[in-house]
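User: I would like to understand the labels used for this model. Please set each value against its definition.

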Amino acid sequence: MNHPRQGVSIVGSGSAIVSQTLANEALSRLVETSDDWIQSRTGIRQRRLLPPETSLAELAAAAGREALANAGVDPLAVDLILLATSTPDDLFGSAGKIQHLLGAERAVAFDLTAACSGFVFALVTGAQFIRAGAYRTVLVIGADILSRWLDWSDRTTCVLFGDGAGAAVLQVSDRDNLLAFELCSDGAQGEALSLRYQGRPQILGEGAVISQGAYQPIAMKGKEVYRFAVARAPEIVEKVCFQAGVKPEELDWLALHQANQRILDAVGERLGIPPEKILSNLAQYGNTSAASIPLVLDEAVAAGKIQPGNLIALAGFGAGLSWGGAIIRWG
Ligand SMILES: CC(C)(COP(=O)(O)OP(=O)(O)OC[C@H]1O[C@@H](n2cnc3c(N)ncnc32)[C@H](O)[C@@H]1OP(=O)(O)O)[C@@H](O)C(=O)NCCC(=O)NCCS
């Protein structure tokens, strides 16, 4: 059993919406596809694509800045910045740049990679530092620019993804509002979705051979990933509900990773949760990977849907393969 020393609460959220859009119709002039095919298979109508001059760190910092402002927290009060991303500007990490851009000089900052589960993994990780009494304020950011890592001639992947960033501020609190969580990995199925380094042997001299190469565009076995998602996402929500002593029908909102409307519908059906409680914005953004859950949460907060005290189930799933769920009480 987990006995936290301190409670943790989400005290604010923010997002960075990319303004450049590409509608399905425009995409159908790039690859052999159609608005009808994309909408009926995924629910996506358009995706947001970050222009070349903007970096991941700048996009993520914008989301983080808004979350801190909404929470009324000074950047200098932040102890830890966790950046969930699979698309850093720099493989050594982009969180440090965000710390600098925010002027959060006291904070330690590091990247965490768990693909589309990244925000849930980072939220739970950040909460542990607070629960253990090590830190008081943690900024968790989910940000991805998958447009930079897609093969734009591959219609089986390029229609699905978009760019974005979302963030949440965690703080120590009297009441523990992270009611339950569960994080899972299955590396045996990792081949189903990858953004993999590929190299060729290079001989440096006598007895020394190394690999030199580059990361290859996203490769996906769509049907396998679909089957994985519709099995694991409802299962993890059921598990965290059970751990939290909450019945699925008592949830106010379900904030699932925004991969595909068909996946959201299937998960809702399996759990007996009506569509009006399932947050969805992927029609406008596509799958924004680690950004999708904080984006959809922040949108629902801004719209006045999510209210303090609401019970929310979060569930992320994706490459790794990885999946994770949490039950939070908002505010
Ligand atoms: C990708 C996905 C939408 C494909 O839907 P599907 O119903 O499984 O479609 P299929 O892969 O069986 O393809 C059906 C047909 O459409 C074609 N097709 C694939 N992509 C297409 C596109 N963008 N436009 C038009 N046709 C397309 C296929 O070539 C296939 O043609 P065929 O029957 O002549 O071989 C679906 O598998 C999915 O959502 N998977 C999960 C993806 C995901 O969420 N990944 C991220 C997880 S974090």
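User: What makes the shell around the ligand a shell drawn from domain 1 and domain 2?

Analyst: The shell takes at least three residues from each of domain 1 (7–175) and domain 2 (180–188 + 219–329). Those bounds come from an automatic or database domain assignment. This is a predicted model, where local features need pLDDT of at least 70, side-chain atom pairs count only at pLDDT 80 or more, and totals for chains, interfaces and linings use all residues. Residues are numbered from 1 along each chain as its sequence is written.

User: Which residues around the ligand come nearest, and what makes a residue near?

Analyst: A residue is near a molecule or strand if its C-beta atom, placed from the backbone, lies within 6 Å of it. There are 18 residues around the ligand. Thr 33, Gly 222, Tyr 226, Ala 259 and Gly 318 come nearest. Helix 2 (35–42), helix 6 (155–158) and helix 7 (222–244) are the elements that give two or more residues to this shell. Helix 7 gives the most, with 4 residues. Helices (H or I, at least four residues) and strands (E, at least two) are DSSP runs, numbered from the N terminus.

User: How many residues of the shell around the ligand are nonpolar, polar and charged?

Analyst: The shell has 8 nonpolar, 7 polar and 3 charged residues. Ala, Val, Leu, Ile, Met, Phe, Trp, Tyr, Cys and Pro count as nonpolar; Asp, Glu, Lys and Arg count as charged; the others, Gly among them, count as polar.

User: Why are helix 7 and helix 8 called oblique to each other?

Analyst: Start with the value. Their axes come within 9 Å and cross at roughly 40 degrees. Axes are lines fitted to C-alpha atoms, for helices over the stretch in contact, and angles run from 0 to 180 degrees between N-to-C directions. Now the cut-offs. Angles under 35 degrees count as roughly parallel, over 145 as roughly antiparallel, 65 to 115 as roughly perpendicular and the rest as oblique. Helix 7 and helix 8 are therefore oblique.

User: What is the handedness of the crossing of helix 7 and helix 8?

Analyst: Helix 7 passes helix 8 in a right-handed crossing. The rule looks at how the near helix is turned from the far one: anticlockwise by less than a right angle is left-handed, clockwise is right-handed. The contact of helix 7 with helix 8 has 10 nonpolar, no polar and 2 charged residues.

User: Which residues of helix 3 and helix 4 meet?

Analyst: Ala 57, Glu 58, Ala 60, Ala 61, Gly 64 and Arg 65 in helix 3 meet Lys 97, Ile 98, Leu 101 and Leu 102 in helix 4. Two residues are in contact if their C-beta atoms, placed from the backbone, lie within 7 Å. By class, this contact has 6 nonpolar, 1 polar and 3 charged residues.

User: Why are helix 3 and helix 4 oblique?

Analyst: Helix 3 (residues 56–71) and helix 4 (residues 95–102) pack at about 50 degrees, with axes 9 Å apart. The two helices are therefore oblique to each other. Their crossing is right-handed.

User: How many residues of domain 1 are in contact with domain 2?

Analyst: 39 residues of domain 1 are in contact with 38 residues of domain 2. The side of domain 1 that touches domain 2 has 18 nonpolar, 16 polar and 5 charged residues. The C-alpha centres of domain 1 and domain 2 lie 16 Å apart.

User: Where is Ala 115, and what is its phi?

Analyst: Ala 115 is in the loop between strand 5 (108–112) and helix 5. Its phi is near 45 degrees, a positive value in a residue other than glycine.
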